[in-house]
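I opened this entry to look up charged and aromatic side-chain contacts.

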Amino acid sequence: MRLPIGEHRAPGFWPLAFVFSLFVLFLYGPMITIFVLSFQGPEGGLTFPLRGVSLHWFQKLAEGLGTVDIGAAFRRSLMLGAVVMLFTVVLSVLAGLAFRKKLKGGNAVFFITVASLIMPSIIVSLGIGLQFRLLDTGIKDLLTAMDATSTLENYGTALGLLTSALGAHLTWTLPFGLLIMFAVFNRFNPAYEEAARDLGATPWQSFQHVVLPLIGPSIVGIGMFGFTLSWDEIARTSQAIGDVNTLPLELQGLTSTVTTPSIYALGTVTTIVSFAVMGIALGAAALLRRRSARKK
C-alpha cells in the first residue's frame, strides 16, 4: 500500500520490519531449506552446496526406503487424519450447539475438554496406552473365564489406528474445534433462526438452511485444523498406536538411519500434502462465503 504524498514511515517502522523479516525467515527457513535440498542431484548430500538439480531422490523415495513401507504409512496417516477431521467437525459442531444454552456442569465439561492442551503430549499418550493395555487385560481375563480359547488365541490388542490413536489425536484436535465453535456461536445472531421458525421451518430445516450456511466457513476451518494437527502428530501417537506406525513416526525413525536427500524428499511430499489441504480448505471457505453472500 502506498503512503499518501507527504507522509513518511514512523521512525520505528524499519526496525520492526527487520525483526518481522527475521521471524518469518526463522519460521519458514528450515522448510525452504529442506525443499531445496530435496532436489539435489544423484551425487548430492544432506548439506549445501547443491550438486545438480534433479528428481532423483523423489524417485528413490518412490522405490522405498529400505524395510520401511512408506506408502503404507502414508495411507495410514491419510486415513487417520480424515477420520480425526470428521470426528472433530461433528463433535465440535454438536458441542457448540449444545453450549448455546446453559448446561448444568457445562463449565466442568469445558475445562476437562481443554485440559489436554496444557498437559504434556507424551503423558496423554502414555495414559491412553495404559488404559488400552488394561482393557486388553480385562478382555483376555473375560475370554479366559468364558473358556473362549480360539478367540483368545486370535486376540491381539485393542491398541490400533482407529481406536487408541484416534482417541489420542482427538484429545489434541477437539479443544481447538470447540474453541472455534464457541467463538462462532458467541457472535451468531439467533434472530435468523427465529425468522426461519416464524416462517414455519422445523428445527432441522432452520439448521440446514440458516445456521449451517452461516457457520460453513468455520466448519471448513475446523476440518483443516483437525487434519493438519493429526497429520504431523508424533508425541500423542507414539505410545498409543500399537504395532503400526504413522508417517511422522516412520519419518522420525528414518532420521537416524537414512543419510541421503530421500528423507528431504519425504519431508517435501508431506509438506505439499499439508499445503494442499490448507488450499482446499481456504477455497471451500471462500466458496461458501460467496454462496452465502449471493443468498443474502
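The entries below take the salt bridges and then the aromatic pairs of this predicted model.

**Salt bridges.** I searched for salt bridges and found 2 in the structure. I looked up Glu63 and Lys60, whose side chains meet in a salt bridge at 3.9 Å, N to O. Both residues belong to helix α2 (residues 56-63) and stand 3 residues apart, about one turn of the helix. I noted Glu63 as exposed, because its relative accessibility is 53% and the cut-off for exposed is over 50%. Lys60 is partly exposed at 34%.

I then turned to Glu193, which forms a salt bridge with Arg100; their closest N and O atoms are 2.5 Å apart. I recorded Glu193 as buried, with a relative accessible area of 18%, whereas Arg100 is partly exposed at 32%.

**Aromatic pairs.** My search of the whole structure returned 12 aromatic pairs. For Trp204 and Phe207 I read a centre distance of 5.7 Å and planes at 35°, so the pair is tilted. The two lie 3 residues apart in helix α9 (residues 203-231), about one helical turn. Trp204 is exposed at 56%, while Phe207 is buried at 17%.

I next checked Phe227 and Trp231, a stacked pair with 5.7 Å centre to centre and 15° between the planes. They are 4 residues apart in helix α9, and both are buried. Finally, I noted one aromatic cluster formed by Phe99, Phe110, Phe111 and Phe182.

Definitions and conventions. Residues are numbered from 1 along each chain as its sequence is written. This is a predicted model: local features need pLDDT of at least 70, side-chain atom pairs count only at pLDDT 80 or more; totals for chains, interfaces and linings use all residues. Side-chain values use heavy atoms; hydrogens and water are left out. A salt bridge is a side-chain nitrogen of Lys or Arg within 4 Å of a carboxyl oxygen of Asp or Glu. Buried means under 20% relative accessible area, exposed over 50%, partly exposed in between (1.4 Å probe, protein chains only). Rings of Phe, Tyr and Trp (its six-membered ring) pair if their centres lie within 6.5 Å; planes under 30 degrees apart count as stacked, over 60 as edge-to-face and the rest as tilted.
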